[in-house]
Amino acid sequence: MLGLMVLVVFLFAFASKRNGARQISAPNVHFIGENNLFITNEAVSKLLIQNSKGVKNLAKETLVLNELENALKSNPMIKTAEVYVAVNGTLNADIEQKTPIARVSTNASYYIDDEGSFMPLSNNYSARVPLVTGYVEKNNLNNVYKVARKVRVDGFLNKHVIEIHQDLNKQLYLKLRQCSFNVLLGDANFLDRKINNLKAFYNKNLKDNTLHGYSKVNLQFENQVICTKI
C-alpha cells in the first residue's frame, strides 16, 4: 500500500512538472454573445501576445493569467474577458464585447454602451442604433443613456425612434421614423408615463391619419400631450 501511494505521488508530481513546462500555443479566441465583431479575433490575439511577451515561447508556469485578462479588459471594446490555459498548452480567451445602444454624432463620434459608458466606433462593424445629437459630454452621459436604454427595451420606441437630441439646456427630444414632428421629453424623469402618453397620441393620430399635421409634441407636463400643428 505504501509503495502504491509513493508511486501515485511521484506520477502526480511528474505530470505537474511536465504540464507546467509545456509551451503555450497560439491564442484561441472565443466570442460570447452577439456575432457582430467590433473587435476582431486577430486584434485580441495581438493583445495577448503583446502582453505575454511572446505567448508561443512562454512556459505555462510563467504565464500570469490575471494580467492578461486585465490587459484585455482595458480595451474599450471589451466588457469581460476570461483567459485560461488548457492541459494541452492551448491559451484560450473567452471575450464578451460591449453592446452599443446609441451612437453619439456631434463634434465627436462614439457609442454609448448598455451600461452607460463610452465605447469607441469600430472599423469592423457599425451598429444600427439611434443617433444622439446636440450638446453631449462624454463624461456626462446619464440623461441620454436613460432615454437610449428605454428605447432599446421598449418595442414601440425601438421600432420608431431614430434620433435622441439633447439641447444646451439638457432638454431631451426624440425624432421618430417617417414623422415630421419632434417629441419633447424635457428631462429624463417619469419616462414611462411620458412614453405611454406618446403611444396614445401616436396610435390615435395614426388611426385618424393625422400624424403629419404636427410639428411638435410636448410631453413635459403630467398627463398632458401638448401638440403644435404645422
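Q: What makes E8 and strand E9 a pair, and in which sense do they run?
A: Two strands pair if DSSP finds at least two bridges between them. E8 and strand E9 (residues 172-176) have five bridges, in the antiparallel sense. Strands here are DSSP runs (E, at least two residues), and helices are runs of H or I (at least four), numbered from the N terminus. This is a predicted model: local features need pLDDT of at least 70, side-chain atom pairs count only at pLDDT 80 or more, and totals for chains, interfaces and linings use all residues. Residues are numbered from 1 along each chain as its sequence is written, and side-chain values use heavy atoms, with hydrogens and water left out.

Q: Which residue takes a positive phi in the hairpin of E8 and E9?
A: Lys170, with phi near 70 degrees. The hairpin has five residues between the strands.

Q: How do you know that strand E7 joins strand E8?
A: Four bridges join strand E7 (residues 131-134) to strand E8 (residues 161-166). The two run parallel. Gly134 has Gln166 in E8 as its bridge partner.

Q: How many aromatic pairs does a search of the whole structure find?
A: Six. Tyr110 and Phe118 form one that is tilted.

Q: Why is the pair of Tyr110 and Phe118 called tilted?
A: Rings of Phe, Tyr and Trp (its six-membered ring) pair if their centres lie within 6.5 Å; planes under 30 degrees apart count as stacked, over 60 as edge-to-face and the rest as tilted. Tyr110 and Phe118 lie 5.3 Å centre to centre, with 50 degrees between the planes. That angle falls in the rest, so the pair is tilted.

Q: Why does Tyr110 count as buried, and Phe118 as partly exposed?
A: Buried means under 20% relative accessible area, exposed over 50%, partly exposed in between (1.4 Å probe, protein chains only). Tyr110 has 2% relative accessibility, so Tyr110 counts as buried. Phe118 has 29%, so Phe118 counts as partly exposed.

Q: Why is the pair of Phe201 and Tyr214 called edge-to-face?
A: The ring centres of Phe201 and Tyr214 are 5.3 Å apart and the planes stand at 70 degrees, so the pair is edge-to-face. Phe201 lies in helix H6 (residues 191-208) and Tyr214 in strand E11 (residues 214-218), so the pair ties together parts 13 residues apart in sequence. Both residues are buried.

Q: What makes Lys138 a charge over the ring of Tyr110?
A: NZ of Lys or CZ of Arg must be within 6 Å of the ring centre and within 35 degrees of the ring normal. The charged end of Lys138 sits over the ring of Tyr110, 5.3 Å from its centre.
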